[in-house]
Amino acid sequence: MARKPRAGRQKQHTISCPDAQWERVRKRAEAAGMSISRYVVTRALATELVRDAGGRRRLQPRLVLGEDEQKEIRDRVAQIADRMAAPDAPVEFERMQNRVQFILEATMDDMIRRGRTRAMTAILVEILGPEKGKRFAAKYVAWARKRARPD
């Protein structure tokens, strides 16, 4: 006769992934104050599975970037900005600079419209420092609101 598993009994399992991904998981678990095992189980159980139009199960898409992903994007954008600001930058960089500026302004305008000026200011403070970030945010909000008012 087979034994019934005891309630609450833990069993060991193996997970395989590249070293770079494991390091990211380790850092996130540490930041969350959890063991890697507890972190992985918690995250896996928090993920929602949904059915698509064909009835197949799939993961619910994430709507937010993780902190590591945000930092990676911010670092890459900073590298691009540094290269674009170089005095010998080609015309393509000027075009790219204009596009980046357009995206930045559109994002900040959207945050202002949605009442997220504090969040926008916090991001600018993180990037530019406390004084410069707050000053830039205040000037941009005033400029954006003035521009949005019909004369």
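Predicted model: local features only at pLDDT ≥ 70, side-chain atom pairs only at ≥ 80, totals over all residues.
The expected span of a helix is taken as 1.5 Å times one less than its number of residues. Helix α4 has 23 residues, and from its first C-alpha to its last it reaches 33 Å, close to the 33 Å expected at 1.5 Å a residue. Just after α1, G33 takes a positive phi of about 70°, and just after α4, G115 takes a positive phi of about 75°.

Stepping back to the whole protein chain, six helices and two strands are found. Along the sequence they follow the pattern α-α-β-β-α-α-α-α. Of the 151 residues, 11% count as buried. The chain exposes about 13,500 Å², of which carbon and sulfur atoms supply 54%. Among contacts between residues at least 6 apart in sequence, 29% join residues at least 24 apart.

The packing of α4 against its partners comes next. Two packed helices are described by the angle between their axes and the distance between the axes. For α4 (residues 91–113) and α6 (residues 130–148), the axes come within 11 Å and cross at roughly 80°. Angles of 65 to 115 degrees count as roughly perpendicular, and α4 and α6 are therefore roughly perpendicular to each other. On the α4 side, the contact is made by E105, M108, D109 and I112. The α6 side brings F136, Y140, V141, W143, A144, R145 and R147. By class, this contact of α4 with α6 has seven nonpolar and four charged residues, and no polar ones.

Helix α5 also meets α4, with axes that come within 7 Å and cross at roughly 140°. Here M108, M111 and I112 in α4 meet T117, A119, M120, I123 and L124 in α5. The residues of this contact divide into seven nonpolar, one polar and no charged.

R24 lies in helix α1 and, at 36% relative accessibility, counts as partly exposed. Leaving aside residues up to four places away in sequence, R24 touches D68 and E69. The C-alpha atoms of R24 and D68 are separated by 8.1 Å, although these residues are 44 residues apart along the chain.

R83 belongs to helix α3, which spans residues 67–84. R83 is exposed, with a relative accessible area of 57%.

R118 has its place in helix α5 (residues 117–128). With a relative accessible area of 75%, R118 is exposed. R118 and A137 are 19 residues apart in sequence, and their C-alpha atoms are 9.1 Å apart in space.

Methods. Residues numbered from 1 in each chain as written. Heavy atoms only, no water. Helix = DSSP H or I, 4+ residues; strand = E, 2+ residues; numbered from the N terminus. Buried < 20%, exposed > 50% of the residue type's maximum accessible area, 1.4 Å probe, protein only. Contact = heavy atoms within 4.5 Å. Areas by Shrake-Rupley, 256 points an atom, 1.4 Å probe, with all protein chains shown as cover. Axes fitted to C-alpha atoms, helices over the stretch in contact; angles between N-to-C directions. Parallel < 35°, antiparallel > 145°, perpendicular 65-115°, else oblique. Nonpolar A, V, L, I, M, F, W, Y, C, P; charged D, E, K, R; others polar.
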